Amino acid sequence: MLNISVKSTTPLRQKTSCLVYGVQEGKLRTDVLSELDEQLHGVLQRAKKDGEFKGGAGQSLMLHGGKGVRPERILLVGLGKGKELTLEAVRQAVATALGQVRTCKLKELTLDLASFAPGRATTEDLAQGVAEGLLLANYRFEQFLAADKNRPGPLQKAVLLVRKKEETDAESGAARAAAICRGACTSRDLVNQPGNVKSPEYLADEAKRVAEETGLQCRILDRAELEKEKCGALLGVAQGSSRDPRMIILQHNGGAKGDAPIALVGKGVVFDAGGISLKPAEKMDEMKMDMAGGAAVIGAMQAAALLQLPLNLVGIVPAVENLPSGTAYRPGDILTSMSGKTIEVLNTDAEGRLILADALTYVARFEPKLIIDLATLTGACIIALGNHAAAVLGDDGLARQLMKAGESCGERVWQLPLWDDYAKMVKSHVADIKNVGGRGAGTITAAAFLQAFAKDQTWAHLDIAGTAWEGEGKHYLSKGGTGFGVRLLIEFLRGQA
Ligand code: BES
Ligand code: MN
Ligand code: ZN
């Protein structure tokens, strides 16, 4: 794990293998840059004149030090236009820098914090943003790769340079980032783990391990207990797999005793083949990520415990596998959910809402003051928003708070409506409700289904189908699980604390 520390010295006097310095577009004449330019005989002005480096977003320029400049290298990274500079742009610029430094196989860097400062951010928030950029971009899932000396390894040490009186603030920002990114990377590890490794039991064991490490309470319900609780919807989905389901329950008791908890619920389908309504072969491998909502809940609970948030929290992850087999549930089956409501299954590939139905019923016994569920629930969500935002539906106030938290942490969320008209689309003639709502508005009818089980609880649903998985690799996200939801939930929860 990358160690991030804070120090106050003049950047060009710091001994380091690489000094990283942020440059706003067209602003190549700060005190440090002017001194650097002078020491290196006008190299900056030449680079600017040749159009090689102006400080545009995504640009970078690696220079080697010289007499009067102690860092061995200086990496200038473009931040784009000053007035468009946000913390998210800072995270991405820092990720660009980290990529360059890793490619050079350096293990250590020093970063001038003030050079990255957007207009309004506090030192603490800036340090958090920079540290997040470094920690998130440094992550790779390499557990199954043979050791290779030619592969650039992770950065091991980063020093943030600040002014004397900013040291404590910067340290606490970096520490906050470390806790949050630990949770985000736990989530990414879980999502990246292949289906053969990742049974429902494995997910439960990992939750237990995280709980023991961080001081969370953890309880696991096995098949027998799920039967006793009459989780008929969850058990219906689980029927096709020889690997038994689990319900994972994590608790963080940081608030006052007796205070109603905030509940986080995450879809934990360890692999979604679609069941008897089998999915096409193309990209089916990616359906190992169908537990990303559950992974976000586990990661967020971990981070909340590490941050010692003064809140009571409960995290619920129903974990199952959705496979076709001779014992699998079929289209046309009618399941009796834990709530007593009966469900007509019209498509066995709409399994996420079934397991969440029981989880939303189960969570009511904690009498939570609000519930947020996260799920890779519908392909329709990717059609609506692509990979750039999650959808949020449900309680308007909660949705607004989540959108605001998303805007400031860089995990964006956009609201879709949940009018009564959509609830009509999941009415069944043979059961209380059916699990698909017809062709249109797939993300909304899925939420309308969940709403029937959230009942009168304050509840919002996040569809993270488009944001949980990164197919190419971009800025601070390598290919694979993104950890989406962990930073969002923590940003939201910090606002509640
Ligand atoms: N896990 C999928 C949704 C999904 C698709 C997530 C692509 C991420 C990427 C979910 O269980 C599913 O299969 N949904 C169906 C619902 C349909 C049958 C009503 C879908 O979206 O096609
Ligand atoms: Mn499915
Ligand atoms: Zn699914």
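Contact, on this tour, means heavy atoms within 4.5 Å. One thing to keep in mind as you click around: this is a predicted model.

**Stop 1: H3 and H4**

Start by selecting helix H3, residues 87–103, together with helix H4, residues 123–137. Their axes sit 8 Å apart and the packing angle is about 40 degrees. Angles under 35 degrees count as roughly parallel, and H3 and H4 are therefore oblique to each other. Look at how they pass and you'll find a right-handed crossing.

Now show side chains. On the H3 side, pick Leu 87, Val 90, Arg 91, Val 94, Ala 95, Leu 98 and Arg 102. They meet Asp 125, Leu 126, Gly 129, Val 130, Glu 132, Gly 133, Leu 134 and Ala 137 in H4. Colour this H3–H4 contact by class and you get nine nonpolar, two polar and four charged residues.

While you're here, click Thr 123, which is also in helix H4. Which residues does Thr 123 touch, not counting those up to four places away in sequence? They are Leu 113, Glu 166, Asp 169 and Ala 170. For a sense of scale, draw a C-alpha to C-alpha distance from Thr 123 to Asp 421: it comes out at 48 Å, for two residues 298 apart in sequence.

**Stop 2: H5 and H15**

Next, select helix H5 (residues 167–192) and helix H15 (residues 486–496). The two axes come within 9 Å and cross at roughly 140 degrees. H5 and H15 are therefore oblique to each other, and their crossing is right-handed. To see the contact, show Arg 176, Ile 180, Gly 183, Ala 184 and Ser 187 on H5, then Val 486, Arg 487, Ile 490 and Arg 494 on H15. That contact has four nonpolar, two polar and three charged residues.

**Stop 3: H6 and H9**

Move on to helix H6, residues 200–214, and its partner H9. The angle here is about 5 degrees, with the axes 10 Å apart, and H6 and H9 are therefore roughly parallel to each other.

**Stop 4**

Finish with the ions. Select the zinc ion (ligand 3) and show its protein donors: Lys 267 (NZ), Asp 272 (OD), Asp 290 (OD) and Glu 351 (OE), lying 2.0 to 2.4 Å from the zinc. There are six donor atoms, with angles of 78 to 177 degrees among them, and the site is octahedral. Along the chain the zinc donors follow the spacing K-x4-D-x17-D-x60-E. Lys 267 lies in the loop between strands S9 and S10, while Asp 290 lies in the loop between S10 and helix H9, so this pair ties together parts that are 23 residues apart in sequence.

Then centre on the manganese ion (ligand 2). Its coordinating atoms come from Asp 272 (OD), Asp 349 (O and OD) and Glu 351 (OE), at 2.0 to 2.2 Å. The six donor atoms around the manganese subtend angles of 69 to 167 degrees, which makes the arrangement irregular. The spacing of the manganese donors along the chain is D-x76-D-x1-E.

Notes
Residues are numbered from 1 along each chain as its sequence is written. Chains are lettered from A and ligands numbered from 1 in the order in which they are written. This is a predicted model: local features need pLDDT of at least 70, side-chain atom pairs count only at pLDDT 80 or more; totals for chains, interfaces and linings use all residues. Side-chain values use heavy atoms; hydrogens and water are left out. Axes are lines fitted to C-alpha atoms, for helices over the stretch in contact, and angles run from 0 to 180 degrees between N-to-C directions. Helices (H or I, at least four residues) and strands (E, at least two) are DSSP runs, numbered from the N terminus. Angles under 35 degrees count as roughly parallel, over 145 as roughly antiparallel, 65 to 115 as roughly perpendicular and the rest as oblique. A crossing is left-handed if the near helix is turned anticlockwise from the far one by less than a right angle, and right-handed if clockwise. Ala, Val, Leu, Ile, Met, Phe, Trp, Tyr, Cys and Pro count as nonpolar, Asp, Glu, Lys and Arg as charged, and the others, Gly among them, as polar. Donors are N, O and S atoms within 2.8 Å of the metal (3.2 Å for Na, K and Ca); water is not among the atoms, so sites may look incomplete. Four donors count as tetrahedral if all angles lie between 85 and 135 degrees; four count as square planar and six as octahedral if opposite donors are over 155 degrees apart and all others between 65 and 115; anything else is irregular.
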